[in-house]
Amino acid sequence: MNLFTHFMHLLGSGVAAYYSASQIRDRKTRPNVLAGFQLAESGSVPFLEALSQRAASEGDTWLAEKLAKHASDENRHGQIFAHALKQLDKQVIDFKSLPKKTDEKKSQQNRSPFFAAYFEGYSQEQLKPDAIDWNVFMASTYILELDASKDFRRMALVLPDDNPSDRNLKLGMLSIATDETGHAAYLYEAMMRRMPALEVQKLTTQWRTRKVNALLAMVGGILQRNGNTPSLVQDAAPTENEPELIVA
């Protein structure tokens, strides 16, 4: 990674870290952040399970097992965030109940500036689990998991300790950060099994550069919206004496 890319990585990551930390610390904006995380973590499960099945069919049992564990972890992460939302008497919106839009409008609204920039040049078909190039999956996901491990840890550390729900969320996010570190480790090992170290370095540098561009696109989107984001949550039935979710 060259000096400019490194500088922009630090700048973009710093802005994103400050924004996400302030959003999750504020109990008014926290539900939307938690909902976004729940959707992202739970939403990745079918993709990872399909990749695990593909790896098994190709004879790579080691990778198949790692991907299955990855999918299981992401499912648990989704449960942690869903539980945290319940503690706030919130839940993720039932999108199926919303008015249906045309495919074009739906596609435009669902398009994420971050992922549009991160996977620029790749079609949706190329990114499906039965078609995605293994090197593309491994390198792109390695960068995301590596950075997520740091992001979740930062966010956990800004949460207060003055009530049980906040403490439980903090512990949950710290456990998620540990999982993400493990995911990054197996993905790096998977790349090292497939190519020389120099090629791994070149590939991860390419995706680090893409991540920098994606962060800048995301920050630009936030500034354009003046920090406003569409609501992802709705009120849920209040919970009383609900047992704490086991996070370890």
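Residue numbers start from 1 along each chain as its sequence is written. In this predicted model, local features need pLDDT of at least 70 and side-chain atom pairs count only at pLDDT 80 or more, while totals for chains, interfaces and linings use all residues; side-chain values use heavy atoms, with hydrogens and water left out.

**View 1. The whole chain, for orientation.** Nine helices and two strands make up the secondary structure (DSSP runs, numbered from the N terminus: H or I of at least four residues for helices, E of at least two for strands). Read from the N terminus, the order is α-α-α-α-β-α-α-α-α-α-β. Of the 248 residues, 42% are buried (under 20% relative accessible area; exposed is over 50% and partly exposed lies in between, with a 1.4 Å probe and protein chains only). Among contacts with a separation of 6 or more, 83% join residues 24 or more positions apart, a contact being heavy atoms within 4.5 Å. The chain exposes about 14100 Å², with 56% of that supplied by carbon and sulfur atoms (Shrake-Rupley method, 1.4 Å probe; for residues, only the protein chains shown count as cover).

**View 2. D60 and R194, a salt bridge across the sequence.** Side chains of opposite charge can pair when their charged atoms come close. Here D60 and R194 do it with N to O at 3.9 Å; the rule asks for a side-chain nitrogen of Lys or Arg within 4 Å of a carboxyl oxygen of Asp or Glu. The pair links distant parts of the chain, 134 residues apart: D60 sits in the loop between α3 (45-57) and α4 (61-87), and R194 belongs to helix α8 (residues 164-194). D60 is partly exposed at 24% relative accessible area, and R194 is partly exposed too, at 39%.

**View 3. E189 and R193, one turn of α8.** These two meet in a salt bridge, with their closest N and O atoms 3.3 Å apart. They are four residues apart in helix α8, so about one helical turn separates them. E189 is partly exposed, with a relative accessible area of 36%, whereas R193 is exposed at 52%.

**View 4. E125 and K128.** Zoom in on this salt bridge and you find the closest N and O atoms 2.9 Å apart. K128 is partly exposed, its relative accessible area being 38%.

**View 5. R27, R30 and D166, a network.** Salt bridges tie these three residues together in a network.
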